[in-house]
Structure formats: C-alpha cells, structure tokens
Amino acid sequence: MLDLLKGPVAAVQEFFILTGQAIRNIFRTPHYGDDIALQMDTIGVGSLGIVVMTGFFSGAVMALQFSRTLAQYGQLGILGKAVAIVLVRELGPDLTALMVAGRNSSGIASELGSMKVTEQIDAMRALGTDPIQKLVTPRLLATMLMLPVLTIIADFVGVFGGWVVAYASLGQPSRQYWTSAWRGLEWNDVAQGLIKPFVFAFVVSLIGCYYGLRTTGGTQGVGRATTQAMVTASVLIFVLTYFIAQIFVTQT
Amino acid sequence: MPEERQPILRFEHVAVSFDGVAAISDVSFEAFEGESRVILGAMGSGKTVLLKAALGLVKPDSGKVYVFGRDLTVLPERGLFEVRSKIGMLFQESALFDSLTIEENVAYPLVNQESIHCPKQEVHTRVVEALKFVELGETLEKFPAELSGGMRRRAAIARAVVTNPPLTLYDSPTAGLDPITSHTIMALLIKARDVTHTTTLVVTHRYQDGNLIANFRYNSEQGQLEPARNGTRRDVRTTFMVMQEGRLVFEGDQTRLEASTDPYISKFVKHHT
C-alpha cells in the first residue's frame with residue numbers, strides 16, 4: 001500500500017521543488033527577457049483567438065439559457081447581471097485557463113519533452129545555462145502576465161456575447177442589459193475572477209514544464225508527456241476552481 | 001603519489017544508478033593532460049553515463065569525480081558551470097538547439113558561459129573560425145534541421161571546441177554515419193586534438209575509430225591525417241578502456257588490448273580492419 005503511494009507523493013514533491021526553483025529564479029540573474037517576450041507572444045497573443053471564441057459563445061449560450069428561466073419569473077431585466085457574475089466569477093477564468101491549458105500545457109510539455117529526449121536539456125546545462133532559468137521561469141512569468149489579461153478579455157467578450165443574444169434575439173434594450181451587468185458586479189466577484197488566473201498560471205505553465213522535463217523514452221515518451229500534462233492541468237483547474245470558490249463563498 | 005602531474009579527470013569508485021538499476025558501478029580511472037582515451041563498449045554498457053558524470057550532468061550515488069582537481073560531486077549546479085566551461089562535449093545525437101540557427105548554436109557557449117568572458121564583438125569572429133575549422137563556413141544562417149546528419153555532427157563539434165576547452169568529450173561521434181562521413185568526423189576530432197593539444201575522451205563502439213586516434217595525427221601543413229611514426233608524438237598517448245555492463249573491464253594501451261583473450265574485449269578488436 002505504501003509503495004503504491006510512493007510514486008505520486010514523489011511526483012508531487014518534485015513538482016513543488018520545480019515550482020520553488022522557478023519562483024526563486026525570478027529573483028536571480030541572468031534574466032532571459034527575449035524568452036519571456038517570445039513566450040508571452042506564444043501563450044498570450046497565440047491563445048487570443050480561441051479565448052475570444054470560447055468567451056463569446058459561452059456568454060451567448062448563457063444569455064439564451066438564462067433568459068428562459070428568468071422570463072418565467074418575469075426577471076429578464078437582470079439577465080446582464082446573471083451573465084456577468086457567472087462569467088467573471090467562474091466561467092471566464094475557468095474556460096480561459098482550460099483553453100490555455102489545452103493549447104499551452106501540452107505545447108510546453110511536447111517542446112521541453114523533445115528537448116529532453118534529444119539531449120538538448122543536457123546540452124544546455126553543459127553549455128552554462130540552467131534549464132529552469134532559461135526554459136521554466138520565462139514560461140511561468142509569461143503565463144502569469146498573460147492569463148489574467150486573457151481572462152479579462154474573455155470576460156468582456158462573454159458579456160458582449162450575452163448582449164448580442166439579449167439585444168438581437170430577445171429584444172432587450174441595450175441600456176438595460178449593460179446597466180444590469182455593470183451594477184451586478186461587486187468587488188468580491190472581480191477579486192475572485194482575477195485571483196484565479198494567477199493560481200491557474202502556475203498550473204498551466206509548470207505542469208507542462210514538469211511533464212516535459214521528466215520525459216523519458218523517445219518520441220513515444222513525448223506523446224505521453226503531452227497528454228499527461230494536458231489532462232493533469234485540466235483536472236487541477238477544476239479541482240482548484242472548487243477550492244477557490246469554497247473560500248470566496250464562505251467568506252461572503 | 002609518485003605521479004608529478006595532476007590528473008585532469010579522475011574517477012574514484014564511481015557508481016551511478018537510475019531507478020535502482022546500476023548504469024555504472026565502481027569505475028575508477030585517471031586521465032592526464034594531453035592524453036587520449038578511447039572508451040569502447042556495447043550499447044547500454046554505461047559509456048554515455050560515464051561522460052555525463054564527468055560533466056556533472058548526472059550525480060554519482062557513490063564515489064568521487066574530480067575535474068581539474070575539483071570535486072564535482074559536492075558542487076551545486078551553479079558551481080558546476082565554471083568547471084563545465086572548460087569542457088567541450090559532443091552529444092550522441094549532436095543535441096543542437098533546433099530553434100536556433102547554426103551560428104547561434106555555436107555562439108551559445110560563448111554567450112552563455114560567464115567564465116568565458118568573450119567580448120560581444122568577438123563572438124561572430126570566433127563562431128566563423130570554429131565553423132571554418134569543421135569546414136562548415138557557409139551554414140551560419142541555416143537551422144539544424146536543414147543540415148545532413150554529418151553536417152549536424154560537424155556543427156556540434158564546432159560548438160564543443162569554440163571555447164578552446166582543455167578537455168573534450170565525444171559521445172559516439174560516428175554513430176549512425178556512413179564510413180566516409182565517419183572518417184571525416186574522426187579526422188576532425190584528431191585535428192581538434194592535435195591543433196589545440198587537448199585531452200580527449202572518445203566514446204565509441206567502433207574499434208577503427210580508436211585505431212585512428214591511437215595511430216594517426218593531423219598534419220597541419222597538408223591538412224590531412226598521417227600515420228604517427230614512433231617517437232613523433234611521445235607527448236601524446238592513447239589509452240583504451242572497455243566497458244561491460246557498467247563496469248570497467250579493461251584499461252591499457254592498444255598492444256595489450258589486441259592481445260587480450262577475453263571474449264567480450266576481443267569482440268571489439270576483431271572488427272579491426
């Protein structure tokens with residue numbers, strides 16, 4: 001029984017060591033500014049399209065579904081509020097993180113995994129660079145900077161998607177929708193919505209790096225690392241979503 | 001010790017294992033300045049792990065590795081960088097960074113190794129020089145994927161020797177190459193050894209590679225290899241080592257190697273052409 005637990009416990013320990021090293025390296029020289037900029041482009045600008053698409057349609061479908069229930073109680077006026085709260089608190093950060101995890105956790109894992117199996121990571125160490133400083137820290141920093149930005153974009157585009165449905169297919173006045181959405185949001189909602197992407201940034205970037213750097217077994221191993229990174233990152237996002245919600249819900 | 005010179009590389013009862021499986025066990029040897037060492041062995045006999053231990057890329061479970069008199073086993077990762085900057089390493093599959101051009105690849109050790117202190121304006125000149133040395137002067141802007149296997153190997157040699165390291169390690173330099181390209185690569189290794197007088201460790205499974213290293217030298221006037229006549233290179237000697245399942249089963253010169261009756265050892269020598 002204890003032997004069964006040994007593997008997972010060791011993996012969690014290794015992950016936290018990697019996290020510690022990645023954070024420590026933020027404050028140590030040398031800094032690889034070019035790599036951070038490149039990763040911000042790949043993770044941030046590269047994910048913009050899918051984040052906008054998911055944000056828009058999740059907002060639109062929510063408006064559509066909520067409108068049926070709310071109309072039963074004659075409360076269609078608070079449609080904007082309902083869409084905005086759900087998006088800003090939960091779906092905006094979660095869907096964005098999931099999309100970025102699907103795109104970048106797996107991307108990072110396969111990139112670092114290929115480098116590992118072709119001895120490029122060893123070569124990097126042999127030629128005087130710390131792979132964590134050069135590869136992991138820039139990815140962590142880039143994700144920490146870009147994921148909140150992407151989340152804000154997704155939130156906004158989502159509320160906009162809700163408005164398109166409210167205005168075009170339900171005939172609700174624009175002013176009513178936007179006022180309800182704007183007034184409905186409280187600081188607590190915004191705080192929760194913006195803390196989450198910071199937490200998820202660790203999961204998205206470091207899970208990818210962790211599985212990439214421990215890849216063994218040639219190209220097959222790279223495939224395995226890619227899948228594991230994406231699955232683990234996605235599941236962890238859901239688990240963390242629950243715990244963060246638990247903290248915020250009990251607080252208010 | 002009666003030896004007046006300090007060994008450049010010393011292994012003391014080194015053992016390395018991965019997930020409980022021994023990769024090398026109880027390996028001890030010393031390499032002195034200007035010496036060439038040829039490490040023969042079958043696949044999985046621990047040759048690569050031995051080279052990686054010499055670079056501090058893998059930490060031994062027990063034993064000590066001394067490079068230039070410093071104990072690698074007690075140095076932290078960042079402390080190893082200074083020692084590594086004096087070692088050139090050719091990895092088995094070249095290990096060029098495929099997102100960088102050949103020029104950036106060869107410049108990598110010059111730019112990133114703090115103890116090298118290469119001024120920025122000199123980097124390009126030294127890269128061009130190193131690439132000319134391996135006869136790849138025209139490929140600066142190309143990416144590794146655009147080169148053939150032999151050219152990649154040559155670019156990787158340029159990257160290994162661009163800093164003029166006093167110790168160079170070559171991991172299977174001829175693996176997966178045709179006989180003609182293999183000969184070119186070996187000629188480059190011998191050229192690198194004889195022009196800069198570096199201590200050289202070559203891991204290989206081909207006896208003829210070792211034979212070239214032991215018996216040929218680079219003639220810089222004619223630009224090609226020539227047989228080293230007795231007495232012309234007293235300063236350089238070649239020692240053969242044979243690895244079998246992680247153990248060092250033979251260490252000695254070519255004459256003793258060829259005289260060995262051990263079936264495993266003589267299997268390598270029989271390939272001698």
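In this predicted model, chain B contains an open sheet of 4 strands, arranged in the order β2-β1-β4-β5 with antiparallel pairing. Its edge strands are β2 (21-31) and β5 (70-71) of chain B, each of which pairs on one side only. Chain A, by comparison of content, has 8 helices and 0 strands.

**The sheet of chain B**
- Strand β4 (residues 62-67) of chain B pairs with β5(B) in the antiparallel sense, over 2 bridges.
- Within β5(B), Arg70(B) is the bridge partner of Val67(B).
- In general, the strands of a sheet pair through backbone hydrogen bonds, in either a parallel or an antiparallel manner.

**The largest nonpolar core**
- The largest nonpolar core holds 132 residues.
- The members that touch the most other members are Val83(A), Val204(A), Ile39(B), Ala54(B), Val106(B), Ile157(B) and Ala158(B).
- Helix α3 (residues 79-117) of chain A gives the most to this core, contributing 17 residues.
- Apart from neighbours within four places in sequence, Ala54(B) is in contact with Leu9(B), Val65(B), Val67(B) and Leu169(B). Among these, Val67(B) is also the residue bridged to Arg70(B).
- Nonpolar side chains tend to be buried together in soluble globular proteins.

**Chain A as a whole**
- Read from the N terminus, the elements of chain A follow the pattern α-α-α-α-α-α-α-α.
- Chain A comprises 252 residues, of which 48% count as buried.
- Along the principal axes, the C-alpha atoms of chain A fill a box of roughly 70 × 45 × 35 Å.
- Of the contacts in chain A with a separation of 6 or more, 88% are between residues 24 or more positions apart.

Methods
Residues numbered from 1 in each chain as written. Chains lettered and ligands numbered in written order. Predicted model: local features only at pLDDT ≥ 70, side-chain atom pairs only at ≥ 80, totals over all residues. Core = buried A, V, L, I, M, F, W, Y, C linked by C-beta atoms within 7 Å. Buried ≥ 20, exposed ≤ 12 C-beta atoms within 10 Å, placed from the backbone. Contact = placed C-beta atoms within 7 Å. Pairing = 2+ DSSP bridges.
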